[in-house]
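This report concerns the structure displayed below. Please keep the sequence and the coordinates at hand while reading.

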Amino acid sequence: MEMLRIEHIVKQYQGHTALNDISITTKKGEIFGLLGPNGAGKTSLIRIINQITGPDSGKIYLEGREIKRSDIEHIGYLPEERGLYKKMKVREQAMYFARLKGLTKSDAKKKIEYWFEKFDITTWYDKKVEELSKGMAQKIQFIITVLHEPKLLILDEPFSGFDPINADLLRKEILQLKEQGTSIMLSTHNMTSVEEICDSIALIDKAKLVLNGSLKDVKSQFRTHTYAIQFKGMMFGFANALWADFALTNSFQLDDDHAVAHVKLLKGNTLNNLLQQVMPVVEIEAVHEVMPTMNDIFIRAVQGEKGGQHE
Amino acid sequence: MSKIGLIIAREYSTRVRKRAFIVLTVLVPILVVGLMFLAMWLGMEEKKHVKVLISDPRNLCDERIFIGVDEKNPPATFYFYQDYLDSLDFVSRQDMQEFDVLIALSPTVITNKKIRGYYREEPSSDAKDYIRDKLELRLEEYFALDKGISLEEYRQIRQRMDFQLKGLDDNEESEIRDKAQAIGLMFSIFIFIFITVYAAQVMRGVIEEKTSRVVEIIVSSVKPMELMMGKILAVGLVGLTQFLIWVILITILMVGLQTFVFKDILTPENWQGINDQAVAMNQITTGMETAEVRNQWAEVFFEFMNWPLLITMFLFYFIGGYLLYASLFAMIGSAVDSETDTQQLMFPVMLPLMFTYVVSVMIQGNSDGATAVWLSQVPFSSPIIMLQRIAAGTVSIWEVILSLFLLTVTFIITTYLAGKIYRVGILMYGKKSTWKELIKWMRQA
């Protein structure tokens, strides 16, 4: 089931293109990573989904229907640049934003109590935001984003500004919301968190969509057919056993007679061919494919794009 | 509650709960009434009884000064001394010390009509007038008797011509009108201050939301235009609330003080402040004319002025003028990253306000001149100018309707255009904002 369908979105600002024909579809209940370098156009896209600005052309569908103004009540948005009213008390502030998202007073009150108890911060109710630490304010901001139980949650760099403990707490909350059926769009530079929690990703660079698909598909798209082989025996012998059909890309000694070698398959060879080559020389202990990290993929995708432009 | 309602409620409640608002709202009426009563109280203090010694070597007064039967508490008592005295005697002689004022009635008064007097401490203007009036009356009797005619005949001869040179379109009321216009000027100043103060508050609010970045969350729930209008309306309501509280508090304080402290303070005769102002404004020095002017001010204030109309119109023009300027100030707030960046953008918006303010003083006494007539139609100046004309009563209904219509149309247009710039501006950081840039944003939105 699709949650969000973005079709051919174009947005221009005074002579520069922020989004150039972007089309993305996200599934219901998945965590979707929206990636890209700074200034790629992520925030522009997020603002269009939130109807803060409109696209020059293209359409957006939410659960199959073209998005309309009232749909913003079903979206929760945590902007990258956080901000709350500094002089306003925490509870009043949460109440205000919840009601702006269409909750009734009594509903808002219940939800606020639920979340504040969950985060164990009921003592903050009457504090002004300016009295809170940055991390505390971030928590409040997250609560405000999810209070109205949005179907679609858009989080722009949610982990920035959190210490490791609170970042972990936030990660768990995000996963829990996903379990409860919330669709989440996550914009981040933190590739580790992408690998940990995203189901699908889209990578935007220079206003264009560069990569899009499930995390698994994207990774396999970037696989290098490299395998890590742990063996007992001599690295010298192992290397000699490889012919021109394989390339030793990396190797390291674990102890005196154990080592790991990274071997890339060339010319359509398979893992079986590789194993046949080395089995007579060494005793194989473990084999696994070396998958590219999201970090590698990000850099390769973005830099590959740059290379492409130079040609 | 609608979203704009929620915004208004939040903006309003945070603002009226601010300490500065509460302090100002309570303090201003206390100060206004306090100062007024202080001035009156000082005036009453001044009304201490003075002892006047008349040095009358020729015995012109015959040791008599006529005191009216209705004067139970005259500000001065007269004593006579039938020899020459001068200021030196008055200072040095021991037996002179009990007197506060010395009037040297030299024999030459009969020919040159010069009278000189000296005081140790300046008597109240009431006492001064009283002394002069009484002495003059007494001398009139002397002159009449001296010439062998009756006092009535003497006065008839002495009475000055009432000569007035007037324009063809002036009528009997023109002087009163000028005075009413001067009262209207108070409203002009009030509106000017209100617009400046409250529109600037809107601007500051917008900047605060922008710099604290809270604006992005809000506009993901409401339209930027709703946010801007909500803020403008809420701050306007705060202004009206303050005004209303001031009116109520001042009334209560005045009535309270009048009832319990100064029982006759609100009778026109006791309005020393206004009287003195009238004297100063008209530079009138002779006693008779002063009295006349005093009566005119009281007449203007208590009879001529159409207060309900003026206050109703004040509200209309305050709201219209405020909405017009507040949207422009909101626009400026959206375009900058901090309050220090507002200077350059503020100038063209403040210019018409300042200009109108200056003109509103210059057109005193000329409420139906071309400047006043035109500026009371131009929407950027009409809220300040028109009230003077309404106060002076020199304006026709259709002029007011046209001016209000133009004001309304203009504030709708400026709010619409300002809203377009606001929409782009609130999410734009780090851009050097110039008017050129703003116009670009307007086209973009």
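## Model and confidence

The structure is a predicted model. The average pLDDT of chain A is 88, and 98% of its residues score at least 70.

Where pLDDT is low, the predicted coordinates should not be read in detail.

## The interface of chain A and chain B

Chain A contributes 25 residues to the contact, and chain B contributes 26 residues. Together the two chains bury about 2,600 Å² between them, and carbon and sulfur atoms account for 56% of that area. On the side of chain A, Gln14(A), Tyr85(A) and Leu100(A) supply 26% of the area buried against chain B, more than any other three residues.

Four salt bridges are found across the interface. In one salt bridge between the chains, the side chain of Glu92(A) meets that of Arg17(B), with an N to O distance of 3.3 Å. Polar contacts between chain A and chain B amount to eight residue pairs, with both residues at pLDDT 80 or more. Which elements of chain A give two or more residues to the side that touches chain B? They are helix H1 (42-49) and helix H2 (90-100) of chain A. The largest share, five residues, comes from H2(A). By residue class, the side of chain A that touches chain B divides into eleven nonpolar, five polar and nine charged residues.

## Salt bridges within chain A

Over all chains, the structure holds 34 salt bridges. One pair in chain A is Asp71(A) with Lys68(A), whose closest N and O atoms are 3.9 Å apart. Is Asp71(A) buried or exposed? Asp71(A) has a relative accessible area of 2% and is therefore buried.

A second pair in chain A joins Lys109(A) and Glu113(A), with 3.5 Å between the closest N and O atoms. These two residues belong to helix H3 (residues 105-118) of chain A; because they are four residues apart in that helix, about one helical turn separates them. Both partners have intermediate accessibility under the classification used: Lys109(A) is partly exposed, with a relative accessible area of 46%, and Glu113(A) counts as partly exposed at 28% relative accessibility.

## Salt bridges within chain B

In chain B, the side chains of Glu339(B) and Arg204(B) meet in a salt bridge with an N to O distance of 3.2 Å. This pair links distant parts of the chain, the two residues being 135 residues apart. Glu339(B) lies in the loop between helix H12 (307-335) and helix H13 (343-362) of chain B, whereas Arg204(B) lies in helix H7 (residues 174-211) of chain B. Glu339(B) is partly exposed, with a relative accessible area of 39%, and Arg204(B) counts as partly exposed at 39% relative accessibility.

Chain B also contains a network of salt bridges that share partners. The residues joined in this network are Arg10(B), Glu11(B), Arg15(B), Glu209(B) and Lys231(B).

## Fold of chain B

The secondary structure of chain B consists of 17 helices and four strands. The chain has 445 residues, of which 44% count as buried. Among contacts in chain B with a separation of 6 or more, 76% are made by residues 24 or more positions apart.

Tyr81(B) lies in strand E2 (residues 76-81) of chain B. With a relative accessibility of 25%, Tyr81(B) counts as partly exposed. The C-alpha atoms of Tyr81(B) and Asn59(B) are separated by 8.6 Å, and the two residues are 22 residues apart along the chain.

Which residues does Tyr81(B) touch, not counting residues up to four places away in sequence? They are Leu53(B), Ile54(B), Ser55(B), Asp56(B), Pro57(B), Arg93(B) and Met96(B). With Arg93(B), the tyrosine also makes a polar contact: the side chains of Tyr81(B) and Arg93(B) meet at 2.9 Å.

Terms used:
Residues numbered from 1 in each chain as written. Chains lettered and ligands numbered in written order. Heavy atoms only, no water. pLDDT = per-residue confidence, 0-100. Contact = heavy atoms within 4.5 Å. Buried area = accessible area lost by both parts, 1.4 Å probe. Polar contact = N/O pair within 3.5 Å; in protein donor to acceptor, adjacent residues only side chain to side chain. Nonpolar A, V, L, I, M, F, W, Y, C, P; charged D, E, K, R; others polar. Buried < 20%, exposed > 50% of the residue type's maximum accessible area, 1.4 Å probe, protein only.
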